[in-house]
Amino acid sequence: MLDMRALTPQDLRGLSPEAMSELAEQMLAKISAQSKLITEQAQAIKFKDVKLERIMFELARLKRWKFAAKAEHMNAEQRQMFEEAMAEDQASLEAQLLALQGNNGSTPTPPAAHEKAPRKPRREKLPDHLRRVDYLHEPADTDCPTAGCGQAMVRIGEDITEKLDIVPAEFFVHRHVRGKWACKCCQILVQEPVAPQIIDRGMPAAGLLAHTLVSRFVDHLPYHRQEQINARSGVHTPRSTLAAWAGQTGAQLESLYDAHRAFVLGSQVLHVDETLVAMLDPGAGKTKRAYVWAYARGAFDAAPGVAYDFRASRAARHPVEFLQGWSGTLVCDGYAVYDSVVKLEQRSLAGCAAHARRKFEEVAKDRHSPVATEALQRIAWLYRIEREIKELSAEDRLGVRQARSVPLWKELHVWLRLERQRVPDGSAIAQAIDYSLNRWGALTRHLHDGDVPVDNNHCENLIRPWAMGRKAWLFAGSELAGQRAAMIMSLLQSAKLNGHDPWAYLKDVLTRLPTQLNSRIDELLPHRWQQSI
């Protein structure tokens with residue numbers, strides 16, 4: 001084969017026809033290969049350009065969705081899932097974009113002169129209590145690399161980068177070695193007694209019991225999932241065993257729950273709400289309705305707490321029985337049962353402005369009513385004041401309400417009565433207006449007491465764990481199981497309200513409870529608990 005690169009013009013003139021033909025074939029083959037390579041490179045560049053354009057389009061669309069989405073278009077759970085999916089999609093697209101730009105040998109395009117540089121989110125500092133593992137990275141040679149110098153360099157500082165890591169839950173074994181001491185003369189045996197435990201002669205220690213209950217009632221993991229998780233560490237804990245541990249532990253916590261219930265009912269302002277929970281009906285082979293009632297100390301109370309009560313129905317006798325002996329202000333929604341509860345003893349009723357607002361919001365979304373829209377605007381003015389005075393004392397809060405909120409509530413009352421005369425009876429907007437007018441005294445109760453909040457959102461937030469839990473464990477196995485869940489969740493949710501880690505709280509309580517005097521049981525209540533050293 002002829003080497004075309006070694007040929008000169010003189011050589012070409014001296015070539016034979018056969019050699020010229022061979023040379024022409026080689027040149028055509030080379031041109032064809034180069035043309036094919038150019039075509040492939042052009043296609044690759046075009047493919048990357050198309051992919052870059054698609055990713056940029058997806059990112060732009062995600063940002064439009066992120067900033068255009070409004071809360072009234074979806075409920076809280078849908079919005080939370082939407083935002084999580086948005087974060088995942090955006091991170092994935094940005095990673096793909098960086099990979100493509102890196103492959104192209106380019107750097108991210110800087111923003112145009114009229115555009116602001118994207119604001120980087122400020123990373124929260126990692127907690128100081130976490131264990132640190134240090135890795136030292138120093139140059140292999142600390143002499144000056146400049147030619148002709150070679151002097152020893154001086155360390156002038158350091159840069160520290162922290163990366164968060166995790167080790168999965170570690171099971172370990174407590175070995176209690178109790179020595180036996182005998183006197184050969186007297187034939188007696190001396191040995192330290194076994195320390196009392198929540199489950200005597202049982203395998204689980206307090207930490208494992210706390211982990212099981214927190215996983216079930218805070219993280220909402222059914223026992224069969226806990227069984228699978230534990231099995232990954234080589235520990236066999238059948239779901240029936242986990243359930244038995246929870247039952248035995250719940251029985252030991254009853255006295256603490258009774259003390260906690262008394263503490264919650266010691267508040268002069270009490271929130272109440274209820275939610276549906278399915279309960280297994282073995283005889284019928286299906287589930288039936290049951291309810292969890294939540295009773296929470298006032299939203300402005302310095303020592304928060306919530307007590308749950310599991311009942312088989314939504315009848316008035318259940319809150320009447322639970323609140324026996326209590327007097328004060330009951331903050332609730334418009335459920336008619338609470339009217340009969342308040343009539344007993346010395347009690348007053350405070351309504352929920354959030355429920356009144358929700359009636360107008362439903363009308364505004366479905367029928368685009370100008371009356372509902374204006375009602376929402378007026379209520380928004382009232383809530384703006386409440387946000388401003390949230391951190392004030394009860395006396396100062398009441399003073400601001402008297403000066404600024406009372407006139408707005410009076411104007412709202414006059415306006416609602418006037419609009420009610422203009423709308424047809426039986427219409428949706430008429431029903432929304434009637435809801436507020438019929439409960440006006442309860443809705444404005446907070447204008448006379450600085451400790452009373454404007455709505456019942458505090459309690460609605462505290463009953464949300466049950467709504468989350470019923471989607472995981474689906475139903476309560478029995479009324480007794482429901483009562484036990486209500487008792488344990490009361491203590492754990494109250495611990496969270498007081499800023500405690502629920503596992504640390506429950507582990508310490510289960511460690512101390514077997515030897516705690518009944519006269520000092522209040523020391524283990526969530527609002528008074530201090531971790532033992």
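Start with His271, which sits opposite Ala296 of β4. The pairing around it joins strand β3, residues 269-281, to strand β4, residues 286-297. These two strands run antiparallel to each other, and 12 bridges link them. Keep in mind as you browse that this is a predicted model.

## The sheet around it

Both strands belong to an open sheet of 5 strands, and its pairing is mixed. If you want to trace the sheet from one side to the other, follow the order β5-β4-β3-β6-β7. The edges are formed by β5 (306-311) and β7 (347-350), and each of these has a single partner strand, so one side of each is left without a neighbour in the sheet. Going from one strand to the next, the twist averages 30°.

## Helices across the sheet

Two helices are worth a look here. Helix α7, spanning residues 254-264, lies across β3, β4 and β5. Its direction makes an angle of about 115° with β5.

Helix α16, made of residues 479-497, lies across β3 and β5. Relative to β5, helix α16 runs at about 170°.

## The whole chain

Zooming out, the chain has 533 residues, of which 35% count as buried. Its secondary structure comprises 17 helices and 7 strands.

How much of the contact total comes from residues 24 or more positions apart? Among contacts in the chain with a separation of 6 or more, such pairs account for 60%. As for the surface, the chain exposes about 34,600 Å², and 54% of that is supplied by carbon and sulfur atoms.

Notes
Residues numbered from 1 in each chain as written. Predicted model: local features only at pLDDT ≥ 70, side-chain atom pairs only at ≥ 80, totals over all residues. Heavy atoms only, no water. Helix = DSSP H or I, 4+ residues; strand = E, 2+ residues; numbered from the N terminus. Buried < 20%, exposed > 50% of the residue type's maximum accessible area, 1.4 Å probe, protein only. Contact = heavy atoms within 4.5 Å. Areas by Shrake-Rupley, 256 points an atom, 1.4 Å probe, with all protein chains shown as cover. Pairing = 2+ DSSP bridges. Axes fitted to C-alpha atoms, helices over the stretch in contact; angles between N-to-C directions.
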